Amino acid sequence: MQTYLFLVLFMSGYFTTGRALSETPQQALNQYVSFLNQSVDEVTVRLQQIQTYYADMGSYQQSSRAPLRLSPSGTLEVYYYEKAIASNALTDAEKPRLKTGAQSLWTLLNKIDQTVKALETYNRLKDYERDDFQKANALIADLKGQFEQFSRDKQAFYKQIQRIYHRYQPYRATDAYLFTENEMEQVLTRQQQLFDTLRYYLNEKSPSNWPVELVQQSIRNDEKTLAEFGQAKPHIDYPASDMIGSFKSGLQTIQALKMQAVDNYTFAARKSSRHGNEFYLSFLNHYNNDLLSWYQNFVKYSTTVKQLLDYPKYVPVFAITPPELTATQTSQTQPFRDAKPIAFTIKPATAPASTATFEVLNAYIDFINESLRQMNTLQLVVRNYQSSAKYYRDPARSSRRSNLTYSHEEYKVPLAEHQQLGLNSQHIPSPYRASILGQADVLLAMLKEMDGLSIELINYTSEKQYERDHLQRSDAILDRYAYLFDTFDQKKERLYQDVRRIHESYPARKPADSWNVAGKALLNLIDADKEALFGVRAFFKNEAPALPGTEKIKTDARTLLTNEFQNLTGLKRLGRSNGLCPYSPYEDLAEQSIRFADMTQKVPSRSNEHPYESFYYSFNELAYHYNKFSELAKEGLLKTVNEPNVFAFRRSASPLPVASVQKKITPPEPAPVPKVQPADTYSPVSTSNTTPANVPTPTSTTSTTVRHDTVYVDRTKVDTVYINQGRQEVATSLTGFAPNNMVLLLDVSASMDSPFKLPLLKKSIKSLLTLLRPEDQISVVVYSGKAKVALKPTSGSDASEIARVIDQLQSDGDTDGNGGIRLAYKLADKHYIRAGNNRIVLATDGEFPVSDDVYQLVRDASTQDIYLTIFTFSRKEINSKNLKKLAQFGKGTYAHITAENANLQLILEAQAKKQP
């Protein structure tokens, strides 16, 4: 028995010694990196605790007496520390230095943990009730310094690990594994350098000077890296080779994150530290848990060939309040600097365009479309401002009103998308490059000027300058906007035509391929649609005597449907529920083009908006289907541009008398020439092959005016209203009716993106706005993915603010109807008006599953005089059992909204209760 025990102990000692002896220096060093990563995780958890607690401190001090949350921090994990310092694979000279560094970091980590636990104890004892958070602030200040010290010490310690590693593993560029390790390490180091310029600021309300220029420089550096990254991949074994592509994808995700952050750094975002904080946490998450994980997997899968060194996570750091910003003198916005496009002659290419060239040409189209989307956002904001501003022209009358306000929070200049054009311009042939990039520069300059004018209006209204100059500067800015909107439309069209000329100079890679055959047929149709749209535009501008003919559209669309299976030979039909099916956008474009042609033969009736708006929405839906087909085809088909709503903002004229509605009315003359002109006036430059065949160009604004009959009058407050004969009689006043507490519960999921849905919903809501009284209050709850309050209860005296929120609604995401209903009832109950018309109006385009507790909530609330009305929106009437049951339980109306009743139905709901 003693002999057996001796053998067991001997063999155990042998294998333990063997394992220790078999451990390499690289493995021992990676144990230290594992300790660093575990330590970073511990610090990150404690930062999350501090974030939450500091926010709760602010709420508590604002007299809300909200509960203070500080979850227990737990016990530090000692395993990785002990395993690192126990390693024997390093020399006697290396081990003590590394062990000392690790002990120092472990001591500092324990100090951080003790400080957090002191804060936990302080909170548990509620000592803040006695010292008004003095000790809490002192502990948080200590933690700030400890975090920064830990970050510095961790970085210095890792450099020490690297020096030892390179003694064992000298770098050789000829070694594929070491070359790729070095490539990845450079990327990680550059991300850390950007991190070092950032902080998380606990006091989010303070403005911060977020380093947007440094982020843009980081984008430029990483874009160059992405172009050359992964050259050694063919010489690396699987699965390590697979990690190279994953690492590159991780960097591309971070690039997209940076680009989004650059575009989101708006004037409104600069007012607080929230934008920077959101970027910091998202960047940290993607870096530590995505990009770095692919590097670590590369190291792990390379072990059988080459033992490499891991890389540590980044330690988050924070500050209490950002440094104070230097006040800047506000001045008038400088006009954009115009430049004539450089003329160029197209030379047919001998070979198909490369993938990189095709992608950058499509990037120009994406830049134009995003720019148009932002411009449209601003058009609606400026339009609503104009309708409100005219009531402040008389100082005596304006003094009795609430202050004039302006905001453009949703407007974003697409800086990052424009930056990408410059970064990838080398893929455009040099004879064309300068011209189209210069045109894109001018468009960006115009968007920046629009932004600057809006910032001027914010300062102008907040300082009540309109009381001193009687809206003179406001008028000049609005005149300038009218010029910019129209000129931008002309310039984007010139850029699109030039990009298209370049694209069409390349031969198709496979001309007989179904993608090319079908794409060419679809392009001919979208061109015909566009030509008709420009004809409609000319008609409403009094530049054409009649609406355009549409026989070509109908002929091309019918031909498309007739030749569908021939054109799409070899392409699989995946079904409408599959977003990769090419048949869906093909058929939708053909069928909806026929409806567009029918619509073009007559002016839409019963609309609150300018009649052109229906054409604008319909054409852009056609462009969406064409672009969807182009995206599915990937290489070869250039996208098309959307078109702006050129009548969304026009300089207001004197209101027409209501009596004149009974007869045909001649529209007012075109808007006067802007008071402010740009530095250089744009004049198109003629070039050879300027316009592809069958592609329309915008109608010149100098065309001869042709008068024709329209029926419309100016609205008195929010917008232009178009009145048609034969409409249903409804009392256009809320006099005698109870005050309204109306919560508009709006479905803004992706399925609402249709001319028959969201635009019609907006019209329906805005039909009510001119009738609202100060005692009426409107709230807006939207649900798409997650329900949220888009507009807190707002008095009817601030109809322009309600209109602004409605105009900015966009459809995107999934449906969460139950969550929206719960939130709407919570809002309606909180702001309940005794003896008022307390009503929730649910607007949706389809049925969704309704939970039992929601049915019960609706039934119970109706007994407490909070009612539920349901409006449905779709091309065809929706027969929904769930929705009808909800409306029945809520003792409200169930109605399908069409163009015929959109202007009336919401007014009827506001008149649902007489004044007591």
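What does the accessible surface of the chain come to, and what percentage of it belongs to carbon and sulfur atoms? After that, please walk me through strand S7, residues 867–873.

Guide: Happy to. The chain has an accessible surface of about 41900 Å², and carbon and sulfur atoms account for 51% of that (Shrake-Rupley method with a 1.4 Å probe; for residues, only the protein chains shown count as cover). Two notes on reading the values. This is a predicted model, in which local features need pLDDT of at least 70 and side-chain atom pairs count only at pLDDT 80 or more, while totals for chains, interfaces and linings use all residues. Residues are numbered from 1 along each chain as its sequence is written, and side-chain values use heavy atoms, with hydrogens and water left out.

Of the 916 residues in the chain, 54% are buried (under 20% relative accessible area, with exposed being over 50% and partly exposed in between; 1.4 Å probe, protein chains only). The chain holds 27 helices and 8 strands, taken as DSSP runs numbered from the N terminus: H or I of at least four residues for helices, E of at least two for strands. Among contacts (heavy atoms within 4.5 Å) between residues at least 6 apart in sequence, 83% join residues at least 24 apart.

Now to S7. Because 7 of its 7 residues are buried, the strand is largely enclosed by the rest of the structure. In a regular strand the side chains alternate between the two faces of the sheet. In S7 both faces are covered: Tyr867, Thr869, Phe871 and Phe873 are buried on one side, and Leu868, Ile870 and Thr872 are buried on the other.

S7 has a parallel partner in strand S6 (residues 837–844), joined to it by 6 bridges; two strands pair if DSSP finds at least two bridges between them. Here Leu868 of S7 stands opposite Ile840. Right-handed means that, with the strands pointing away from the viewer, the path from the first strand over the helix to the second runs clockwise.

Strand S8 (residues 894–897) also runs parallel to S7, with 4 bridges between them. His896 in S8 is the bridge partner of Thr872. Another right-handed β-α-β unit is built from S7, helix H26 (residues 881–889) and S8.

Stepping back, S7 belongs to an open sheet of 6 strands with mixed pairing, in the order S5-S4-S3-S6-S7-S8. S8 and strand S5 (786–795) are the edge strands, each with a single partner, so one side of each has no neighbour in the sheet. Direction ignored, neighbouring strands are turned by 20° against each other on average. Helix H23 (residues 799–807) packs on this sheet, touching strand S3 (740–747), strand S4 (777–784) and S5, and its direction makes about 160° with that of S5. Axes for such angles are lines fitted to C-alpha atoms, for helices over the stretch in contact, and angles run from 0 to 180 degrees between N-to-C directions.
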